[in-house]
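Here is a short tour of one protein chain for your next look at the viewer. Take a moment with the sequence and the structure before reading on.

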Amino acid sequence: MATLLSTLRRWARHLWLDERASRRWLDDAAAERLRQRIAAGEAQHLGEVRICVEASLPLEWLWPPPADEADLAARIRRRAVQWFARLHVWDTEANAGVLIYVLLAERVIEIVADRTLARQVPPAQWDDAVQALQQGLRAGTVEAALTCAVDTVHGWLLAVAPATSGQPNPNELPDAVVRV
């Protein structure tokens, strides 16, 4: 009975939350400041950073119901990877794209990185960045937590794929926060 009740609660959360929830959670002014922060950081390295805030999963992602928390985590990770592909974060010249993905209905964060950065940053640093972002979001400091995550990613990209002086550094992807 508890499993059925928790499944129904999960479905209700995912049905209830929509793009308006993402826009309330991260308003236009905060999204614009983050866009500017992303653009400024990308001018210093060859990476591309995107943020995607998704209110809820489509219900087909929740059927059949997850067997356990590990199954749910794997589905959310696959969804983040799907957004990574959909937003073309994988398709950068230096293979240095990074997606910061937030799923509001489950209060989960995923960071997905392309090959250049994924190979250079130890897993413990990824975990620390996700934990710091998670703590900031729980504390209600949404913009500050996302800004810190963006700055952390920029620091890694600056160390791994710095822009070369005198070489063109095109902005390959939009810097705007995606809120769906």
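Does Asn 95 count as buried, partly exposed or exposed? At 23% relative accessibility, Asn 95 counts as partly exposed, where buried means under 20% relative accessible area, exposed over 50%, and partly exposed in between (1.4 Å probe, protein chains only).

A word on the model: it is predicted, so local features need pLDDT of at least 70 and side-chain atom pairs count only at pLDDT 80 or more, while totals for chains, interfaces and linings use all residues. Residues are numbered from 1 along each chain as its sequence is written, and side-chain values use heavy atoms, with hydrogens and water left out.

**The chain as a whole**

There are 7 helices and 4 strands, arranged along the sequence as α-α-α-β-α-β-β-α-α-α-β. These are DSSP runs numbered from the N terminus (helices: H or I, at least four residues; strands: E, at least two). Of the 180 residues, 43% count as buried. Among contacts (heavy atoms within 4.5 Å) between residues at least 6 apart in sequence, 74% join residues at least 24 apart.

Neither is a glycine, yet phi is positive in Asn 95 and in His 88.

| Residue | Phi | Relative accessibility |
|---|---|---|
| His 88 | about 60° | 40% |
| Asn 95 | near 50° | 23% |

The peptide bond from Trp 63 to Pro 64 is cis, with omega near -10°. A further proline, Pro 123, belongs to helix 6 and counts as exposed because its relative accessibility is 58%.

**The largest pocket**

The largest pocket has a volume of about 340 Å³. A pocket here is an open set of points on a 1 Å grid over the protein atoms alone, where a 1.4 Å probe fits, with protein on both sides within 12 Å along at least five of seven lines; lining residues have an atom within 4 Å of a point. The volume is the space filled by probe spheres set on the points.

Of its 14 lining residues, the closest to the centre are Trp 25, Leu 103, Leu 104, Glu 106 and Arg 107. Helix 2 (19-25), strand 2 (97-103) and helix 6 (123-138) each supply at least two lining residues, and helix 6 gives the most, with 3.
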